[in-house]
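Reader: I am new to this structure and would like to learn how to read its features one at a time. Could we begin with the general idea each time, and then turn to the case at hand?

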Amino acid sequence: MTKACYSDPKKFHTSKAGRHRAKLQLSAHPTCLWCEQEGHTVQATVAHHIEPFGDSWFLFMTIPLISLCVPHHNRTAQQHERGRQPQEIDADGYVVSKQNPGGAVRKKKTGT
Ligand SMILES: [Zn+2]
């Protein structure tokens with residue numbers, strides 16, 4: 001039997017082995033996979049598990065990782081935690097920005 005050193009899932013990511021694995025992933029794939037799929041090259045800083053590992057140390061260490069940038073990783077994390085879309089999306093698929101109060105709305109008139 002192996003020692004149950006890592007029985008607390010909250011400590012998985014900060015464990016030496018967990019950090020080492022993330023480091024290996026990021027050095028093997030230094031750019032964000034999802035940005036690549038969108039046609040950009042962005043440096044990845046997060047190693048993200050492609051499937052939930054629950055509280056299993058074994059799964060944590062065996063489920064494949066992908067490299068993501070912080071914005072992409074935050075998006076998945078927020079969706080997982082809240083179980084809903086983290087941002088308001090308008091009918092056109094754009095994020096509704098609340099950082100531009102009174103800013104000019106530059107929408108072309110496309111007729112009514
Ligand atoms: Zn990205």
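Reader: Why does Ala 44 count as buried?

Author: A residue is buried if 20 or more other C-beta atoms, placed from the backbone, lie within 10 Å of its own, exposed if 12 or fewer do, and partly exposed in between. Ala 44 counts as buried because it has 23 C-beta neighbours inside 10 Å. Please keep in mind that this is a predicted model, in which local features need pLDDT of at least 70 and side-chain atom pairs count only at pLDDT 80 or more, while totals for chains, interfaces and linings use all residues. Residues are numbered from 1 along each chain as its sequence is written.

Reader: Where along the fold is Ala 44 found?

Author: Helices (H or I, at least four residues) and strands (E, at least two) are DSSP runs, numbered from the N terminus. The protein has four helices and two strands, which follow the pattern α-α-β-α-β-α along the sequence. Ala 44 lies in the loop between α2 (33-37) and β1 (46-49).

Reader: Which residues make up the largest nonpolar core?

Author: A nonpolar core is a set of buried Ala, Val, Leu, Ile, Met, Phe, Trp, Tyr and Cys residues joined through C-beta atoms within 7 Å. Here the largest one consists of five residues, namely Cys 32, Ala 44, Val 46, Ala 47 and Leu 68.

Reader: What does Leu 68 touch, not counting residues up to four places away in sequence?

Author: Two residues are in contact if their C-beta atoms, placed from the backbone, lie within 7 Å. On that count Leu 68 touches Cys 32, Leu 33, Trp 34, Ala 44, Val 46, His 48 and His 73.
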